[in-house]
Amino acid sequence: MLTFGAAFLGSAVESVEALTIVLAVGLTRGWRSPLYGTLVALVSLAILVTIFGQLIVTRVPESTLKLIIGTLIVLFGLRWLHKAVLRSAGVIPLHDENKSYAETVSEMSGAATRQDWIGFTIALKGVFLEGFEVVFIVVAVGGTSGGLPIAVAGGLLAMIVVAAIGLVVRKPLARVPENTLKYAVGVILTSLGTFWAAEGMGTTWPLDFVSVLGIGAVYFGASRVAVMLIRRPVPA
Amino acid sequence: MKFIRAAATEVVGLFVGDWLQTIVSIAILGFGWLVLSRIHVDGLGFVVVVALAVQLIYATTLEARDRVRRS
């Protein structure tokens, strides 16, 4: 459940960002080239998931896998949590899809030709780079928990849901609580990563996987303390 | 070439926001590995959790103060 949830939420957030780029390109320069770019990026990402997923599941011993991937997930999750804390405290601005959309549109000046390489490249780059984080989340969470198909299903479902909504509304999904989602995914990934990394180090947890909830509570509590400390006015 | 460079930056950026914070996090995990691989006590992993949580508080408040000072 947690594997599916982490893969779904993480993929949904990144898919929203990728959708903004594709929409910006498609609505300003025509759909043909950006859709080709998106397709090439998705096929490349699927190949990466297949190769790395298989390598990880079949070649790496379980404790080594937990230690290395757990450590990487901790670093990845802490980075998201760090940004989420700074956003919650108002130190850095909240991610704004409307602004990202406007920036991408302003990057693309000039009329589109039949074979529009700019549209193709921007869509390919946007989807591939945003999708790379999805690949990491899916392979790391799925590979370490032994539930790669579940994680892949979570990632795919998120992408399909976001793409379907994008197809219907045809504008950036600014109402998705992206920052809250990133905060939640940051807590979940950091907790799962710490759980697996510590298991890879040779320790055991009380109540086994239930401990992830306790770990999550500690990280969430720490993040709220950080937000509170940052918001507190500094005495003159 | 630009695309490859952007992809490489993206890969590193997945795990590293601030180098100091990353080094401290790896040091905590490394120290945790030394301890946890030798002392097998149920729940000792929570020491690593608390250390990483404290590190998160310290790193975020430090960055916030730094940004306020610069602005």
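Predicted model: local features only at pLDDT ≥ 70, side-chain atom pairs only at ≥ 80, totals over all residues.
Biologist: How far do α1(A) and α3(A) reach from first C-alpha to last?

Modeller: α1(A), with 28 residues, reaches 40 Å, close to the 40 Å expected. α3(A) has 27 residues and reaches 37 Å, close to an expected 39 Å.

Biologist: And what comes just after these helices?

Modeller: Look at the phi angle of the glycine that follows. Just after α1(A), A:Gly30 has a positive phi of about 100°. A:Gly90 follows α3(A), and its phi is positive too, near 80°. Just after α7(A) comes A:Gly202, with a positive phi of about 110°.

Biologist: Now burial. How many residues of α7(A) are buried?

Modeller: Here you count a residue as buried when its relative accessible area is under 20%. In α7(A), 21 of the 24 residues are buried, so the helix is largely enclosed by the rest of the structure. For α1(A) the count is 21 of 28, so that helix is largely enclosed as well. α3(A) is mostly covered, with 20 of its 27 residues buried.

Biologist: Can we try single residues? Is A:Thr194 buried or exposed?

Modeller: A:Thr194 sits in helix α7 of chain A. Its relative accessibility is 1%, so it counts as buried. Leaving aside neighbours within four places in sequence, A:Thr194 is in contact with A:Val74, A:Trp205, A:Ile215 and A:Tyr219, and also with B:Val48, B:Val49 and B:Leu52 of chain B.

Biologist: Which helix holds A:Gly37, and is A:Gly37 buried or exposed?

Modeller: A:Gly37 belongs to helix α2 of chain A, residues 32-59. Its relative accessible area is 0%, so A:Gly37 is buried. Not counting residues up to four places away in sequence, A:Gly37 touches A:Phe120, A:Ala123 and A:Leu124.

Biologist: What about A:Leu39?

Modeller: A:Leu39 is also placed in helix α2 of chain A, but A:Leu39 is exposed, with a relative accessible area of 52%. From A:Leu39 to A:Ala123 the C-alpha distance is 9.3 Å, and the two are 84 residues apart in sequence. For another exposed case, take A:Leu213 in helix α8 of chain A, residues 211-231: its relative accessibility is 62%. A:Leu213 and A:Ser44 are 169 residues apart in sequence and 35 Å apart in space, C-alpha to C-alpha.

Biologist: Next, a pair of helices. How do α1(A) and α6(A) cross?

Modeller: For a pair like this, look at the distance between axes, then the angle, then the handedness. The axes of α1(A), residues 2-29, and α6(A), residues 148-169, come within 7 Å and cross at roughly 35°. The crossing is right-handed. Residues making the contact include A:Phe4, A:Phe8 and A:Leu19 of α1(A), and A:Ile150, A:Gly154 and A:Met159 of α6(A). By class, the contact has 14 nonpolar, six polar and no charged residues.

Biologist: Last one: which residues have the most contacts inside the largest nonpolar core?

Modeller: To read a core, ask how many residues it has and which of them are best connected. The largest one here has 66 residues, and those with the most contacts inside it are A:Ile73, A:Phe76, A:Val141, A:Leu189 and B:Leu52. Helix α3 of chain A, residues 62-88, gives the most to this core, with 13 residues. Another core, of six residues, lies apart from it; A:Val16, A:Leu19, A:Ala158 and A:Val162 are among them.

Biologist: What does A:Leu189 touch?

Modeller: Not counting residues up to four places away in sequence, A:Leu189 touches A:Ala6, A:Ile73, A:Phe76, A:Gly77, A:Ile137 and A:Val141.

Notes. Residues numbered from 1 in each chain as written. Chains lettered and ligands numbered in written order. Heavy atoms only, no water. Axes fitted to C-alpha atoms, helices over the stretch in contact; angles between N-to-C directions. Helix = DSSP H or I, 4+ residues; strand = E, 2+ residues; numbered from the N terminus. Left-handed = near helix turned anticlockwise from the far one by under 90°. Contact = heavy atoms within 4.5 Å. Nonpolar A, V, L, I, M, F, W, Y, C, P; charged D, E, K, R; others polar. Buried < 20%, exposed > 50% of the residue type's maximum accessible area, 1.4 Å probe, protein only. Core = buried A, V, L, I, M, F, W, Y, C linked by side-chain atoms within 4.5 Å. Expected span 1.5 Å × (residues − 1).
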